Amino acid sequence: MTQAPKIGLVSLGCPKALVDSERIMTTLRAQGYAFSRDYAGADIVLVNTCGFLDSAKQESLEAIGEALAENGRVIVTGCLGVEEELIRKTHPSVLAVSGPHQYETVVNAVNAHLPPVPNKFVDLVPEAGLRLTPKHYAYLKISEGCNNRCSFCIIPQIRGDLSSRPMASVLYEAERLVASGVKEIMVISQDTSAYGVDLKYATSKYRGQDVSAKFQTLAEEMGKLDVWTRLHYVYPYPHVDSVIPLMAEGKILPYLDIPFQHASPTVLKAMRRPANQVKTLDRIKSWRDICPDLTIRSNFIVGFPGETEEDFDFLLDWVEEAEIDRAGCFKYEPVTGAPANDLDGVVLDEVKDERFARLMEVAQDVSTAQLAKKVGRTIEVLVDDVRPAEGRAIARSKWDAPDIDGQVIIDNAIGIKPGDKVSVVVTGSDEYDLFAEPVAVAAKQPALA
Ligand code: SF4
């Protein structure tokens with residue numbers, strides 16, 4: 001039998017790019033291609049690039065260079081693909097370039113430069129498609145593009161306006177993921193709370209019922225599946241209030257990833273952020289009244305043009321008052337083509353560094369205090385990894401998304417496997433992580449003080 005042609009894949013960037021890679025892999029696998037984990041075993045290398053920040057562009061160009069040096073036959077796709085001229089100038093020998101979510105173009109380029117074997121195999125693709133995440137969790141992309149026009153961002157220029165998938169298509173994919181053993185689904189997009197706006201909330205048929213392409217319906221329907229559902233990239237529009245009771249009832253995880261980016265009204269206005277409301281603090285408090293377990297993860301940008309010391313102090317106080325459980329921070333970096341580059345009031349690098357350190361210190365204090373409140377509780381966790389030699393398992397709680405949040409470190413973890421859901425008693429906490437023991441082990445210990 002002729003050997004299947006092998007593709008090496010380098011996937012850079014955010015979870016949305018990862019989902020694009022998974023979709024491309026699934027199509028190629030269905031055409032009979034195989035995949036190689038190293039450059040040497042690949043007949044061709046596909047580099048899925050990121051082009052969000054200038055530093056990410058640089059990283060993508062370096063990854064293309066490495067693939068060319070190690071393998072020589074390289075096809076480029078993804079966000080940086082919109083800058084074909086830059087790619088070809090830096091690396092003239094790349095075989096083909098395509099932009100983000102141009103699945104057909106990239107697959108056609110692979111077909112042209114590395115034709116598939118004539119006899120297609122059947123059932124090469126698992127029903128849930130190919131994934132780059134562990135078996136027990138997956139990302140579910142509900143839309144492409146974005147209708148907002150934040151001044152520091154070029155994603156709408158790269159990925160276009162919001163384009164939502166019909167609700168039925170999203171839900172059937174979620175069902176397939178659950179059937180394949182996935183226990184946690186991360187809902188992603190550029191703006192999850194805007195889901196369906198472009199479709200005018202049109203209905204589609206799901207299991208014989210009309211389901212509307214609405215954020216709330218999405219949360220309700222996901223809540224009926226036997227899976228943890230985590231919502232990412234949500235903006236605090238008024239209708240977000242409607243999913244908080246579902247979190248309180250345990251239908252979806254009590255977790256909201258809201259990239260606030262700042263809190264000062266002046267900076268938010270200059271950033272042109274969506275759902276920018278003065279009353280956000282009150283909203284967060286009312287959410288926590290309904291769902292006390294709610295965890296909020298956010299990102300913030302320090303050193304945005306025009307950010308004054310007062311703006312920054314406002315942000316520090318706000319992070320403390322809002323009790324942002326998980327905060328990430330970026331120092332503002334101009335992105336080629338972003339309108340924010342024309343703003344006055346450039347903040348010096350040393351000031352950015354200093355603000356970054358101060359924000360991270362406050363965020364760490366808030367996180368430490370929030371996690372300390374959980375000590376003594378019995379919680380369910382999802383195991384990501386086991387370390388038999390140490391008798392430990394590394395898991396996550398409903399308050400932790402993979403890669404970006406903390407972990408639950410379980411001691412005396414005997415007979416536990418990755419992908420298991422386990423009940424544990426929280427025995428301690430630090431700045432970012434919780435420490436725990438399985439319930440059966442904790443029951444034999446003296447009661448916690
Ligand atoms: S919401 Fe703003 S930052 Fe996010 S993708 Fe849209 S324009 Fe960019």
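Modeller: Happy to! Let's start with Cys 14, which counts as partly exposed because it has 18 C-beta neighbours inside 10 Å. Here a residue is buried if 20 or more other C-beta atoms lie within 10 Å of its own, exposed if 12 or fewer, and partly exposed in between, with C-beta atoms placed from the backbone. This is a predicted model, where local features need pLDDT of at least 70 and side-chain atom pairs count only at pLDDT 80 or more, while totals for chains, interfaces and linings use all residues. Residues are numbered from 1 along each chain as its sequence is written.

Cys 14 sits in the loop between strand S1 (6–11) and helix H1 (15–30). Helices (H or I, at least four residues) and strands (E, at least two) are DSSP runs, numbered from the N terminus. The "binding site" annotation comes from an unreviewed UniProt entry and covers Cys 14, Cys 50 and Cys 79. They are spread over 66 residues of sequence, yet they cluster in space, with a largest C-alpha distance of 10.5 Å. UniProt positions follow the numbering used here, feature names are shortened, and annotations may be inferred rather than shown by experiment.

Now for Cys 50, found in the loop between strand S3 (44–49) and helix H2 (54–70). Cys 50 has 21 C-beta neighbours inside 10 Å, so it counts as buried. Leaving out residues up to four places away in sequence, Cys 50 touches several residues, among them Cys 14 and Cys 79; such a contact means C-beta atoms, placed from the backbone, within 7 Å.

Methods
Two residues are in contact if their C-beta atoms, placed from the backbone, lie within 7 Å.
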